[in-house]
Amino acid sequence: MDPKAVVRQALEAGVALYLQEGKLAYKARRGEFPEALRALVRTHKSTIERYLSTLAAPSTTTQPELVARGLNKAPLSIAQERLWTIDRLTGRSPHYNLLFAIEMKGECRADLIGRAIAQIVDRHEALRTNYVEEGQEVYQVVRAEYEVPFATIDLSMLQTDEQQARLQQLMSDEAVHAFDLCRDVLLRSSLVRLCEDVHILQVNVHHIAADGWSIWLLVREFCSLYEAFTNGEDCPVPQLPLQYSDYAQWQRKHLSGAALDAHLAHWLPALADLPQLHNLRTDRVRPPVFSFRGAAVESKIERDVVEGLQRLGQRTNSTLFIVMQAAMTVLLQRYSGESKIVIGTVVANREQEQIADLIGCFINVLVFKHELDEQSSFADLLAKVRSRVLDGMAHQQLPFEVLLEKLQPARTLSHSPLFQLAMLYQNNASEAFALPGLSIRFLEPPVSVALHDLTLVIKEASGGLRLSWEYAIDLFDASTIARMAASFDVLLKAIVAAPEQPLHALPVLDAAERARVLFAF
């Protein structure tokens with residue numbers, strides 16, 4: 001029997017076959033391994049081992065070429081399909097709006113700003129794509145005729161306090177203004193005038209058409225276009241060789257057969273026996289339906305601590321992201337009492353050069369399961385986390401949606417599947433943008449949405465790292481999250497000072513908090 005067919009049959013039954021030190025091993029969902037399938041695997045053991053060894057080796061299989069195809073009724077990418085389904089189930093939810101704002105000081109021309117934004121929508125078809133449902137199928141259709149929503153709002157007649165209140169209200173209103181994926185251009189913008197030489201550009205994009213990397217691309221193109229138009233020049237950015245629909249078609253063809261099996265052979269064993277829910281103590285009982293209402297607590301890691309973490313990473317060939325994930329794993333273990341910690345993260349998933357400059361939803365969600373032994377050292381844990389992260393990155397092409405389908409976790413409306421705790425590391429916004437006659441800076445809208453129970457967003461800053469602890473307000477109080485942020489700072493300093501000491505010896509409370517816990521209570 002064809003070993004590929006046996007592996008496929010096992011996957012469909014919830015059994016992942018993989019190699020461990022060159023020998024056949026398996027992980028079964030909920031302990032299920034049908035006896036007939038077990039006998040089949042036993043009979044073809046040697047041929048299955050040879051087949052799996054070819055999947056682990058560098059692939060010589062010719063992959064579908066990523067080229068421009070230009071179908072007007074193209075299939076949705078797998079990420080788009082999930083976002084479309086969520087939108088249908090929730091009734092045009094605003095939870096996946098990507099809203100940002102830019103403050104511009106200096107001489108500002110609203111007509112050229114509107115022209116630059118319209119040019120970006122014209123260049124990137126994903127921003128003017130709508131979704132059409134025909135029977136059981138959904139297609140993405142690029143609009144040939146459209147108008148890009150761009151409004152100008154004058155608040156210059158208001159006093160400063162009134163201006164700020166009105167500006168915050170405008171941003172809050174836009175954050176909850178949902179897109180109609182079937183009819184709308186998926187980018188809206190407005191220019192708010194505070195005085196003659198201060199303006200706020202507010203841009204909102206739906207996640208089905210963009211991701212975090214795309215926002216950085218959008219701002220970069222906007223600056224290039226605005227500068228060119230100010231100087232009376234034509235569009236300075238090169239023509240795009242591909243559009244997002246080309247990638248969607250490529251992804252559907254690429255993720256099949258041996259390529260899909262290779263990814264599944266890694267992820268299914270790695271994520272077997274995941275706990276359904278984390279064990280962090282919450283301030284309130286979890287509601288039956290997750291509301292997505294969120295807020296954030298901000299904290300900072302000083303430069304000397306960051307430099308110490310970087311040195312630790314250099315000694316172990318680990319990136320700062322890996323070091324921080326290992327540290328967060330320790331923090332969550334101490335707060336939950338669990339030895340098995342599950343953390344989700346987001347990767348750009350732009351491995352092909354042709355899509356590096358394309359606006360669209362390319363990101364993927366990766367899930368990492370870490371098991372801690374309190375007697376081992378942080379250095380030991382870091383080595384394990386590094387191995388898991390690097391292995392996961394090598395298989396980042398497997399969409400999270402496919403992983404959900406194969407793992408089949410218990411579904412509930414009260415929390416997200418597979419993981420509820422996440423860590424994101426943002427380092428693609430460090431480029432300094434400039435406009436002729438203008439100084440610009442990003443304004444971060446207040447966090448009002450939480451996609452998970454707790455998400456730690458790490459951002460590089462000149463003085464160290466800025467941390468944003470985004471949390472579900474249905475579950476946690478701000479004071480609880482602030483204590484966790486303070487504990488993380490204590491923990492990181494201890495890791496820098498002595499990474500070889502056992503995990504249970506690493507402190508998470510400073511002297512004042514420790515005294516409060518031990519004596520005041």
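Contact here means heavy atoms within 4.5 Å. The model shown in these views is predicted.

**View 1. Leu418 and the residues around it.** Leaving aside residues up to four places away in sequence, Leu418 touches Leu274, Val342, Val367 and Phe400, as well as Leu403, Leu404, Leu407 and Pro409. Leu418 is also one of the residues with the most contacts inside the largest nonpolar core.

**View 2. The largest nonpolar core.** This core has 76 residues. Besides Leu418, those with the most contacts inside it include Met324, Phe378, Leu465, Leu467, Trp469 and Phe488. The element that gives the most to the core is helix α11, residues 320–336, with 11 residues.

**View 3. An open sheet of three strands.** The strand order is β3-β6-β5, and the pairing is antiparallel. Strands of a sheet pair through backbone hydrogen bonds. At the edges are β3 (74–75) and β5 (129–134), each of which pairs on one side only.

**View 4. The pairing of β5 with β6.** Strand β6 covers residues 137–142 and is joined to β5 by six bridges, the two running antiparallel. Tyr131 stands opposite Gln140 in β6.

View 5. Helix α7 has 19 residues, 212–230. From its first C-alpha to its last, α7 reaches 27 Å, close to the 27 Å expected at 1.5 Å a residue.

Notes: Residues numbered from 1 in each chain as written. Predicted model: local features only at pLDDT ≥ 70, side-chain atom pairs only at ≥ 80, totals over all residues. Heavy atoms only, no water. Core = buried A, V, L, I, M, F, W, Y, C linked by side-chain atoms within 4.5 Å. Buried < 20%, exposed > 50% of the residue type's maximum accessible area, 1.4 Å probe, protein only. Helix = DSSP H or I, 4+ residues; strand = E, 2+ residues; numbered from the N terminus. Pairing = 2+ DSSP bridges. Expected span 1.5 Å × (residues − 1).
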